[in-house]
Amino acid sequence: MQGLKVNLIITDYSMPGMSGYDLLKTVKGSSSSWKDIPVVVISSENVPSRISMCLQEGAEEFLLKPLKLSDLKNLQPHLLKSLVHSNKDTNCSTDSTGNNDNVVKMNNNVISKRIAMSPEPSERRPKPKELAVV
């Protein structure tokens, strides 16, 4: 595992021996060397309190099973963010309009951070009123 770089952690909420929430707390803990790695929690159970708890603890996303293609597309910005953050040789630059919000240049390859997403039914992905999930 020497030299292996983790860019994104995807964990199920229900696992034997440890919940995804416990793993999230361990990864995001102040003494963890992995605290900057984005964590995505998945579950087949739509429990709003569980979703809130994971998002408040630092999960980037909470996805419900069965996963859809649009769910996976939602992970792209988190993966790009971690790749840009972890790559010391990354060159972030602006697009032709001078705006760097939509384009990332990594080793001379232009990657668009803008993706088309289909709308999700509101009951599939509840968002707590106290949190802003971006």
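1. Basis of the note. This is a predicted model, in which local features need pLDDT of at least 70 and side-chain atom pairs count only at pLDDT 80 or more, while totals for chains, interfaces and linings use all residues. Residues are numbered from 1 along each chain as its sequence is written, and side-chain values use heavy atoms, with hydrogens and water left out.

2. Overall plan. The chain contains four helices and five strands. Here helices (H or I, at least four residues) and strands (E, at least two) are DSSP runs, numbered from the N terminus. In sequence order the pattern is β-α-β-α-β-α-α-β-β. Of the 134 residues, 34% count as buried; buried means under 20% relative accessible area, exposed means over 50%, and partly exposed lies in between (1.4 Å probe, protein chains only). The accessible surface of the chain is about 8600 Å², and carbon and sulfur atoms supply 53% of that area. Such areas come from the Shrake-Rupley method with a 1.4 Å probe; for residues, only the protein chains shown count as cover. Among contacts with a separation of 6 or more, 51% join residues 24 or more positions apart, a contact being heavy atoms within 4.5 Å.

3. Strand E2 and its partners. Strand E2 is mostly covered, with five of its five residues buried. Val 39, Val 41 and Ser 43 lie on one side, Val 40 and Ile 42 on the other, and both faces are covered. E2 pairs with strand E1 (residues 9–12) in the parallel sense over four bridges; two strands pair if DSSP finds at least two bridges between them. Within this pairing, Thr 11 has Val 41 of E2 as its bridge partner. E2 also pairs with E3 in the parallel sense, over four bridges, and there Ile 42 has Leu 63 of E3 as its bridge partner.

4. Crossovers and helix H2. E1, H1 and E2 form a right-handed β-α-β unit, and E2, H2 and E3 form a right-handed β-α-β unit as well. A crossover is right-handed if, with the strands pointing away from the viewer, the path from the first strand over the helix to the second runs clockwise. In helix H2 (residues 48–57), the buried residues are Arg 50, Ile 51, Ser 52, Cys 54 and Leu 55. These buried residues pack against helix H1 (20–28), strand E2 (39–43) and E3. Just after H2, Gly 58 takes a positive phi of about 120°. Most residues other than glycine have a negative phi.

5. Gly 20. Is Gly 20 buried or exposed? Gly 20, placed in helix H1, counts as buried because its relative accessibility is 0%. Leaving aside residues up to four places away in sequence, Gly 20 touches Thr 11, Asp 12, Tyr 13 and Met 15. The C-alpha atoms of Gly 20 and Cys 54 are 8.5 Å apart, although 34 residues separate the two along the chain.

6. Salt bridge of Asp 12 and Lys 65. The side chains of Asp 12 and Lys 65 meet in a salt bridge (2.3 Å, N to O). The pair links distant parts of the chain, 53 residues apart: Asp 12 is in strand E1, and Lys 65 is in the loop between E3 and H3. A salt bridge is a side-chain nitrogen of Lys or Arg within 4 Å of a carboxyl oxygen of Asp or Glu. Lys 65 is partly exposed, with a relative accessible area of 35%.

7. Salt bridge of Glu 45 and Arg 50. The side chains of Glu 45 and Arg 50 also meet in a salt bridge (2.8 Å, N to O). Glu 45 is partly exposed at 37% relative accessible area, whereas Arg 50 is buried at 17%.

8. The loop between E3 and H3. A cis peptide bond, with omega about -5°, joins Lys 65 and Pro 66. Most peptide bonds are trans. Pro 66 is placed in the loop between E3 and H3, and Leu 67 is found in the loop between strand E3 (61–64) and helix H3 (69–73). Leu 67 is partly exposed, with a relative accessible area of 38%. Together with Leu 69 and Leu 72, Leu 67 makes a nonpolar surface patch of about 280 Å². Patches are made of residues with over 30% relative accessible area and no salt bridge: like charges are joined within 9 Å, and nonpolar side chains (Val, Leu, Ile, Met, Phe, Trp, Tyr) within 5 Å.
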